[in-house]
Amino acid sequence: MIGRIVRSADFERVLGTPSRVRSSHFAVHHVVAEPSLPARRLSTADAELSTAAAPAAHTPVDGKPVEGCWLGTVVPKRHARRAVTRNLFKRQIRAIFENGAPSLPPGLWVVRLRAPFDRKQFVSASSDALRTAARAELAQLVGRVAKRQGGQASQVGNSAPNSAAPA
């Protein structure tokens, strides 16, 4: 199960990093972090006023490792004019990431539509051809992310035994 990114601060944090992989229409961004918590509301009506020091709201540097994936989608109107098309892309993104979630590293993921699909080739806003093309491109992106992650893990695994061997 993949969670959803809903806070704009999380979107800004992830989109502030360079894209991990991209295709002609989509870009995938990733940050190894958990979603931020909503800001605490300060209210004087609920509690007594205090002149004591404010409680520390810092998170530990060496906190627990990140577990789970959260997904956000950015499908701007300038690239997909009709709501039917935007919703189609969002559904396809979520479906592909749900299937590929076990092979993905944990953290915050944002998939961004970065270029429109050709309207002459895909005349209908929610045609099967558009759905198939978007799904194939997204599946290729998730496969490249998983392959890149697997390649890094195998390189790390191969370098450890060589360094421990006597020279």
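The following questions and answers walk through a predicted model of one protein chain.

Visitor: What is the order of the strands in the open sheet, and which strands are its edges?
Guide: The five strands form an open sheet with mixed pairing, in the order β1-β4-β5-β3-β2. Within this arrangement two strands pair on one side only, and these edge strands are β1 and β2 (21-22).

Visitor: How many bridges join β4 to β5, and which residue in β5 is the bridge partner of Leu71?
Guide: The strands β4 and β5 run parallel and are joined by six bridges. Gly72 has Val110 in β5 as its bridge partner, while the partner of Leu71 in that strand is Trp109.

Visitor: Which residue in β4 is the bridge partner of Gly3?
Guide: The strands β1 and β4 run parallel, with two bridges joining them. As for β4 itself, five of its six residues are buried, and the strand is mostly covered. The bridge partner of Gly3 in β4 is Trp70.

Visitor: At about what angle does α1 run to β5, and what angle does the direction of α2 make with that of β4?
Guide: Helix α1 lies across β3, β4 and β5, and its angle to β5 is about 80 degrees. Helix α2 packs on the sheet, where it touches β1, β3, β4 and β5, and its direction makes an angle with that of β4 of about 160 degrees.

Visitor: Which element supplies the largest share of the largest nonpolar core?
Guide: The largest nonpolar core has 26 residues, of which Phe26, Phe89, Phe97, Trp109, Val111 and Phe117 touch the most other members. At least two residues of this core come from each of β3 (26-31), β4, α2, β5 (107-113) and α3 (128-164). The largest share amounts to six residues, and the element that supplies it is α3.

Visitor: How many residues are in the other core, the one that includes Val14?
Guide: A further core lies apart from the largest one, and its members include Val14, Ala33, Trp70 and Val110. Its residue count is eight.

Visitor: Is Phe89 buried or exposed, and what is its relative accessible area?
Guide: Leaving aside neighbours within four places in sequence, Phe89 is in contact with Phe26, Val75, Ala80, Leu113, Phe117, Leu130 and Ala134. Buried means under 20% relative accessible area, so Phe89 counts as buried, with a value of 1%.

Visitor: What is the angle between the planes of Phe89 and Phe117 in their aromatic pair?
Guide: A search of the whole structure finds five aromatic pairs. In the one formed by Phe89 and Phe117, the rings lie 5.2 Å centre to centre. Planes under 30 degrees apart count as stacked, and this pair is therefore stacked, with an angle between the planes of 25 degrees.

Visitor: How many residues apart in sequence are the parts that the pair of Phe89 and Phe117 ties together?
Guide: Phe117 is buried, with a relative accessible area of 10%, and one aromatic cluster is formed by Phe26, Phe89, Phe117 and Phe122. Because Phe89 lies in helix α2 and Phe117 in the loop between β5 and α3, the pair ties together parts whose separation in sequence is 28 residues.

Visitor: Which residue has its backbone oxygen 3.3 Å from a polar atom of the side chain of His79?
Guide: His79 lies in the loop between β4 (69-74) and α2 (83-100), and it is buried, with a relative accessible area of 15%. Not counting residues up to four places away in sequence, His79 touches Leu113, Arg114, Ala115 and Pro116. The backbone oxygen at 3.3 Å from a polar atom of its side chain belongs to Arg114.

Visitor: How far apart in space are Val6 and Pro35, C-alpha to C-alpha?
Guide: Val6 has its place in the loop between β1 (3-4) and α1 (8-15), and it is exposed, with a relative accessible area of 69%. In sequence Val6 and Pro35 are 29 residues apart, whereas in space their C-alpha to C-alpha distance is 8.7 Å.

Notes. Residues numbered from 1 in each chain as written. Predicted model: local features only at pLDDT ≥ 70, side-chain atom pairs only at ≥ 80, totals over all residues. Heavy atoms only, no water. Helix = DSSP H or I, 4+ residues; strand = E, 2+ residues; numbered from the N terminus. Buried < 20%, exposed > 50% of the residue type's maximum accessible area, 1.4 Å probe, protein only. Polar contact = N/O pair within 3.5 Å; in protein donor to acceptor, adjacent residues only side chain to side chain. Contact = heavy atoms within 4.5 Å. Core = buried A, V, L, I, M, F, W, Y, C linked by side-chain atoms within 4.5 Å. Phe/Tyr/Trp six-rings, centres within 6.5 Å; stacked < 30°, edge-to-face > 60°. Pairing = 2+ DSSP bridges. Axes fitted to C-alpha atoms, helices over the stretch in contact; angles between N-to-C directions.
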